[in-house]
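Please have the sequence and the model open as you read.

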Amino acid sequence: MKLTLWTYEGPPHVGAMRVATGMKGLHYVLHAPQGDTYADLLFTMIERRDHRPPVTYTTFQARDLGGDTATLFKTACQDAVDRFAPEALIVGASCTAELIQDDPAGLAESMDLGIPVIPLDLPSYQRKEGFGTDETFLQIVRHLAKPIARSAQITANLIGPTALGFRHRDDIVEITRLLADMGINVSVCAPMGARPSDIARLGAAHFNVLMYPEHAESAARWLETNCKQPYTKCVPIGVGATHDFLAEVAAITGLPIKSDTSRLRLPWWTRSVDSTYLTGKRVFVFGDGTHVAAAARIARDEMGFEVAGLGCFNREMARPIRALAKDYGVEALITDDYLEVEAAIAALHPEMILGTQMERHIGKRLGIPCAVISAPVHVQDFPARYSPQMGWEGANVIFDTWVHPLVMGLEEHLLHMFRDDFEFHDEAGASHHGGQHIARPASAEATPAAAAATEAGSMPAEIATVVEETATDSNVIWLSDAEKELRKIPFFVRGKARRNTEKYAEGKGLTRISIETLYEAKAHYAR
């Protein structure tokens, strides 16, 4: 255990909360100290839900540790049943409560509450949030689902979407639409939107669509063994993966592939001249295993990018991600330490990052565009609009999300490059407003230090701009003319150009970098 400013995953009881919050008619009694109630904010503030998670905390305090904390838990269970009248109860302990060993499962089962009580054994100090979602849903399925007669029409269950998931709400709609095109109805979607009574009828469907392996693969395997239901292995994120998903569904059901691709707008771009504009851009991909695998395929096969590096934070997906990285000719980064991720990105100098909210912050620090592809995310990635990642509309959303940071980055670079132009400097009026042009004073072309020196009469401005120097973290100094030339390089590769030039200068024993040094370094690294 270590102190950190950021974590990709919370403790496993947060995963259990994600499952409970996504469902209806299910209540979670969590044996936890007063401070562990912070998790409510994840759902009400970040996901912007209009109701609190269905969780009752025992909220014991330090003074309670000398008394009977087991009675506190039993009282909380009875109060939750009386107040909320759930169809089923899940019970467990937070990481802090785990230390006092009150055995919430045994206490709840001894109470005869009149409803199914599902105990959760979530090792808080060995596993994390992703394990918590997968294990919680598995226990719910094991306790409530049972083999029953198949429906007359071919139907499917959607399993895996939870609260706090990255675009899970909209992915459900998109997958439902894809299956409907083939004449397949959705029987149950779980955990999100399901009640315990719905879990009991999971066995009626002919197969399961495993949407997010991190959250439901264990349940999918259990249903395959105990209810004889096959499940899909392909996650339909991206054009190619969606085609593969439909082919997999057709193989399971024996139905012909039918799909309305008229909504798909990505192919026109791949056939256009504009597509070559971004071909070969080097990207770094990091997030949960499911979205990283999908994003890497889209980046290389559909967008024409080069995958410079990839990795995931959830160690349960380490093996498939390492195998995937080998296919891409890179080494996988499996870590939940954001500082290691930042160091890897800084070393690789990619032109774009595909990651989580943390990688967005890293990109801002390093001056690299970033598109968010995976949870954990902040409030802006829970949009009110329809914005899936799966299916044909998901491919459209991904196209917009990935291309815009690069295109807008180039636009920002052009505005920055021409900032000294007589029409585009900061004081000039907007041309489309008919504003009158305002000439910039000659002294404004000089650096602030040079302008001050000119006003003092110590040297001419044109000389001062050349002599002005910029100190760096290395042992070399940038002359102002070289610094000005460097600013003409697009901002998302400017850092790499600066580092390469400084490395070249140090190798040549130079202490100052001029325009000539800048171009010599460029020629050197272009060989």
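Asp381 is buried, with a relative accessible area of 8%; buried means under 20% relative accessible area, exposed over 50%, and partly exposed in between, using a 1.4 Å probe and protein chains only. Before going further, please note that this is a predicted model, in which local features need pLDDT of at least 70 and side-chain atom pairs count only at pLDDT 80 or more, while totals for chains, interfaces and linings use all residues. Residues are numbered from 1 along each chain as its sequence is written, and side-chain values use heavy atoms, with hydrogens and water left out.

You will find Asp381 in the loop between strand S12 (370-372) and helix H15 (391-417). Helices (H or I, at least four residues) and strands (E, at least two) are DSSP runs, numbered from the N terminus. The side chains of Asp381 and Arg167 are joined by a polar contact of 3.3 Å. A polar contact is a pair of N or O atoms within 3.5 Å; within protein, one must be able to donate a hydrogen and the other to accept it, and residues adjacent in sequence count only if both atoms are side-chain atoms. Neighbours within four places in sequence aside, Asp381 is in contact (heavy atoms within 4.5 Å) with Phe166, Arg167, Gln357, Arg360 and Val372.

## A parallel sheet

Now look at the open sheet of three strands, which has the order S6-S5-S7 with parallel pairing. Two strands pair if DSSP finds at least two bridges between them. Strand S6 (185-190) and strand S7 (207-210) stand at the edges with a single partner strand each, so one side of each has no neighbour in the sheet.

Strand S5 (residues 155-159) pairs with S6 in the parallel sense over four bridges, and Thr155 stands opposite Asn185 in S6. Helix H6 (residues 168-181) packs on the sheet and touches S5, S6 and S7. The direction of H6 makes about 160° with that of S5; axes are lines fitted to C-alpha atoms, for helices over the stretch in contact, and angles run from 0 to 180 degrees between N-to-C directions.

## Cysteines and the whole protein

How many disulfides does a search of the whole structure find? The search finds zero, a disulfide being a pair of cysteine sulfur atoms within 2.5 Å. Cys77 is buried, with a relative accessible area of 0%, and Cys370 is buried at 15%.

The protein has 20 helices and 15 strands, and buried residues make up 53% of its 527 residues.
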